[in-house]
Amino acid sequence: MARKSMIQAINETLHQKMAEDDSIVILGEDIGVDGGVFRATDGLLEKFGETRVMDTPLAESAIIGTSVGMAINGLKPVAEIQFMGFVFEGFAQIVDHVARYRYRSQSRYSMQMVVRMPYGAGVRALEHHSESTEALFAHTPGLKVVIPSNPVDAKGLLISAIEDPDPVIFLEPKRLYRLKKVEVPDEIYRTPIGKARILKEGTDITLLAYGAMVPIAEDAAEHVGKEGVDAEVIDLRTILPWDVETVTRSVEKTGRLVIVHEAARSFGVGAEIAATVAERNLLHLLAPIARVTGYDVVPPLAKLEPVNYPSSEKVVRAIHKTMEF
C-alpha cells in the first residue's frame, strides 16, 4: 500500500477502471496531451489512445452533450470540467438531459456517466476558478453529488461513481489535491455513495463538514478538545443523497450541531441539513444550529480568501457560542 495524494489517487483510479472496462471513455479540455490542468488524467492518452481519451474544444456544453450521446449508446463517459466555475455553459445539458433521462424514458435509459470538477477556493485563483456551487446540483433531481475529503475516499468514491448506473457529479476539493499523502489501497475498492463517515466520536457537539472543510473541522475539534469540549466530527462525503440517519443520530447524542461549508450561506447545503435536523431532532437540540460558511458574494480575489471562507478559528468561535447558549 503506497502513500498517495488525492490527485494521485484519482489518476490511479482512472487508470485502473479504464484498464478493467473498455466502455469507459474520458473527455474534457486538456485532459489528453497535457494530462489535465491538475494532471488528474496524466498518462491516460499514452496508455489507452485517442479513441478513449479525448481532448475537446473549450465548449462545456459540447463536453456534456457528447457524454449524453455516449452514455445512451452504451459507453461510460467520465467528463472533466476544468473548473467548477466553467460548468455553467454545460449546466443546461446536465439539468435538462443528464439528470432526466431515466425519468423521461421511464427507466428504459439510464445515464451512466460521471462529471468530474475541481471546486472551491484555497489556491488563490480567480473567481470562476474558485466556485463552490454544489447546492445547484444537489437541487437537481436525478443527480448524485459526492465530494471526497481525502485520497482514500477519492479513490473509493470515484470507483463507486463510475460504476453507478445513474449520473454522478464528482467534486474535487483542489486545495486538498496535494495537501498530504496517505496510504491508499492499491486494489479496487468502493466507498458507498450516500454514507457519511464519523471521523471522531464525541458527546458534546456535532461538527459536520465535507470536502476541503473537513480538515478545518478536525482542527477546530482538536482545539476545543484541549478546553474539555468533546466534539464529534462527521465527514458527509455525499451531498445528495446525504446521510440523514448518521447526522441525526449524532445530534440525538450531542444535542448541538455546527455545519461547515465554504459555499455561500443562503439556500445552501447547510440550510437543508439544518432544516432537516430541526424537523427530526427539535426536542434533542440544546442550542440553535450554527452554520460557518462563505459569504453570499462572488468568489473574491486571492487577498480576500481568508476573510470570506471558514477557518478553524471561525469554527471554534461557533462552537463556543453554541456550547455557551
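Helices (H or I, at least four residues) and strands (E, at least two) are DSSP runs, numbered from the N terminus. Keep that in mind as you work through the exercises.

This is a predicted model, in which local features need pLDDT of at least 70, side-chain atom pairs count only at pLDDT 80 or more, and totals for chains, interfaces and linings use all residues. Residues are numbered from 1 along each chain as its sequence is written, and side-chain values use heavy atoms, with hydrogens and water left out.

**Exercise 1. Work out the strand order of the open sheet and name its edges.**

Step 1. Pair the strands (two strands pair if DSSP finds at least two bridges between them).
Step 2. Follow the seven strands across: the order is β3-β2-β4-β5-β7-β6-β12, with mixed pairing.
Step 3. Pick out the strands that pair on one side only: these are the edges, β3 (53-55) and β12 (238-240).
Step 4. Zoom in on β6 (residues 144-146), which runs antiparallel to β12 and is joined to β12 by two bridges. Here Val146 stands opposite Thr238 of β12.

**Exercise 2. Describe how α8 and α12 meet.**

Step 1. Read the geometry: the axes of α8 (residues 214-225) and α12 (residues 312-323) come within 8 Å and cross at roughly 55 degrees.
Step 2. Classify the angle (under 35 degrees counts as roughly parallel, over 145 as roughly antiparallel, 65 to 115 as roughly perpendicular and the rest as oblique). The two helices, α8 and α12, are therefore oblique to each other.
Step 3. List the residues in contact (heavy atoms within 4.5 Å). From α8 come Ile216, Asp219, Ala220, His223 and Val224, which meet Ser312, Val315, Val316, Ile319 and His320 of α12.

Notes:
Axes fitted to C-alpha atoms, helices over the stretch in contact; angles between N-to-C directions.
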